[in-house]
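Hello,

I am handing over the structure below. Please look through it first; my notes follow.

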Amino acid sequence: MNQERQRRTPARALAIALQRPLPSDALVAFRIILGGLLTIGALRFLLNGWVQRFFVEPKVFFHYWGFGWVRAWSATGMQLHFVLLALLGLCVAGGVFYRVTAPLAFVAFTYVELIDVSGYLNHYYLLSLLLLLAAFMPLHRAGSFDAWRAGSLRGARYLPAWCTHLLRFQLATVYFYAGLAKVNADWLLHGQPLSIWLSSRADMPIVGPLLAHHETAMVMSWAGCIYDLTIWIWLSWARTRAVAYALVLGFHTAVGLLFNIGMFPFIMSLSALIFFPPTWPRAIWRGRRGEEAPSSPSLPQGTMKRRIALGLGAFYVAAQVLFPLRHFLYPGDVLWNEQGMRWSWKVLLREKNGAITYRVRRGDGSLVQVSPRQFLTDVQEREMSGQPDLILQLAHRIADQQRGLTGAPVSVYVDAFASLNGRPAQRLVDPTVDLCTVSDGLAPASWILPAPTTAPPHLRPVRAR
Amino acid sequence: MKHRTSLALAFLAVIGTGYACVESSNELISTGAATAGTGPATTGGDDGFNRQAMLQHLAETVIRPETQAFAEATKTLENATVAYRSSLSAADLDAARDAWRNAMNAWQRLEMMQIGPAGASDSVLGGADLRDEIYSWPLINKCRVDQELVEGAYQNEGTFASEAVNVRGLDALEYLLFQEGTQNACAPQNDINAQGTWSTIVAEVDQRRADYAAAVASILDGHATQLRNAWEGSFLPAYVGAGSDTSVYPSQRDALNATSDALFYLEKQTKDAKLGVPLAIIDCGAAGCPDTPESKVALHSKQQIQQNIAGFRALFTGGVGEDALGFDDWLRAAGAEDVADAMLADLGSAEAALLAIDEPTLTEALAEDPASVTALFDALSELAVHLKTDFVTVLDLELPAAVEGDND
């Protein structure tokens, strides 16, 4: 009796729960969806000419802190890289040599994301995370080319529950933190930036005139916040799941219609299927629920391996829980100083535009202005102009160039103005600070000026026609 | 059973959504907007402002009249160059030069209105590359014009029209009409000098320049007519009815973005290239600086900047009169009066700074009173900050080319 009680420690109970076999159908569907989205995403870049525009045309790329060594391939190399991504997506979807192709897909996609910070998007980050998780999961054991090679296309009927739970956790994290980020005065009290965005879409048929009204933005702001904070709960609960998923479809369709957010609605809508019971594909295609998991699964042997796996899983979960909260370590408004903005699921939270002019004082005392256009594409300049760490990176680049031209030390200052959620533009960066003396890093940035304290404006509705 | 049905419906819905949605919200707007009315714009809203009315006003009262004025100016220019070609008289040369100045003034206002057919075909909706056909600055190349002068390619208008744009636009015409003497702009090692072909035409260089000018003026008039016809014809309803008429602009936002994009000429070209570079305020880096001042031969740069600012004011305010509708009215209607006031104040400061430049030409002002030119540059810088921040934020306009790719 004591031995049994000893064995039933919380850790062991958790380990047993995570190892519990669940029908593999939903995870097979997830694998196919994930690979399919990767392929479609890569093809979009190839067919829209975005590989050339975003990875070949720029003369300068912004690096992530600690990833300055990442470089883009040549023009041909980048095109081939995206072709490879499309093929890897197919391999993941089909479970073709999955143990090799799934990690490769993660590395190849994440490499693309690491090339240029100005191209950061939350849903690209999510896709990277999902590919990382998938690379550690045995999703190829059923309904795959690999299973067919092993003797049965159907393959394993069950896969460990931790796969499903981890994916559900990941999506719940995205939703919850996206909702938490909306708990701020701009979003909830002033309906910004939704009011700005919606009123500019007043020419849309049927709903257009409604969008112009501030009240619509207020209602949608609150609804969006509550939706993000709680939808993962309703998706997790069997009694509300179907209605919740209908809400997911409605929400992401509406957001996709209103805003230019590419694959995001598809990724979220399709990934949310993981909240359904593990047999949902069979429920649709064969009309039956399928058998439940064996009631008394046995834990696999190999305690050390299990402990390492549990440790890694715990680390990942802790990182995902804590990382989006890191902006609390920095003083000021994260939407203004952007410290802790990325990888935190702060989705569609700000309308921010900036005007940047660098002033370079050369060794001979002369002063010249350098336009970001000299280095950046229009898209890069737009992204950089509201993100202080990128403004700093370009300042260093300009300093390097000017030192090369003059052969003497230079000082670089910036006149950076930004408008946040419709407020009057104000200085974002201290114009008296020589940015050559500032290093990029994780410490609070004293060279970034405080955020505006005024409330954002309440814009009046303007009719489209 | 109930559970299964809801699952099936949900799955079908997401698949359906996947097919129904297209990548850009703009495309989606256009799909639905085809059902919206296409009638004439009516003013609406509590303050009588609506965005289609603004587009209509800008198209009919600002841009179309400017294209008509430019077409008339180029016709006059063509006639003047033909007369000069026949007479080679000083009086006819003066008349041709005056006609060029008038045409250039009209064009410099239109430089601020590169919307639709005037724009580049690879980056502007409805673009037909007419801007570069008409005026290719800063890609000017006087030596290439001299080479054409030697080769005589301008004598065949059909084939000449396919030559590089910088040998057959207003910039080439400036050189042909205003260049004095028999020197050429090519380096000594250039073929026309090294092989002596230039020296064979020196005796007839005035006649050749006149012939060449007449050929360019004729081509120019054709492009001006094409631009005017577009704004008198099918482009205007596509612009005004953007979103309802999706032939050019999938949504009204696209037309509004195209119009605000045009305003950015004042920042990129007028402020930085036309003023910042000759003032040596702007460092051009490895790409090198554009050839400035803009008008080196006719010495017309100051007037050209003046016309840029006039074009900006016309597009921003919708011109003069109580019925004028422009971006300032939109800002006021939206409740952003402070942004409208600030931008108009900056614009007024720029106009005042320009008037305060006493020297008749920019070249003289740069030499004798650079502070006055710097004051104009600073005033335009203030305006540019508002343009790139409050203006685009409050009206949710996209910065040029920023609509590429996805967001968030």
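The centres of domain 1 and domain 2 of chain B, taken over C-alpha atoms, are separated by 23 Å. The domain bounds, which come from an automatic or database domain assignment, are 47-250 for domain 1 of chain B and 264-399 for domain 2 of chain B.

This is a predicted model, in which local features need pLDDT of at least 70 and side-chain atom pairs count only at pLDDT 80 or more, while totals for chains, interfaces and linings use all residues. Residues are numbered from 1 along each chain as its sequence is written, and chains are lettered from A and ligands numbered from 1 in the order in which they are written.

Between the two domains of chain B, 26 residues of domain 1 are in contact with 27 residues of domain 2 (contact: C-beta atoms, placed from the backbone, within 7 Å). On the domain 1 side, helix 3 (51-87), helix 4 (90-111) and helix 8 (170-178) of chain B each give two or more residues (helices are DSSP runs of H or I, at least four residues, numbered from the N terminus). That side has 14 nonpolar, 6 polar and 6 charged residues (nonpolar: Ala, Val, Leu, Ile, Met, Phe, Trp, Tyr, Cys and Pro; charged: Asp, Glu, Lys and Arg; polar: the others, Gly among them).

In chain A, helix 7 (residues 122-136) and helix 9 (residues 161-181) meet through residues including A:Leu126 and A:Leu130 in helix 7 and A:Leu166 and A:Gln170 in helix 9. The residues of this contact in chain A are 7 nonpolar, 1 polar and no charged.

Regards
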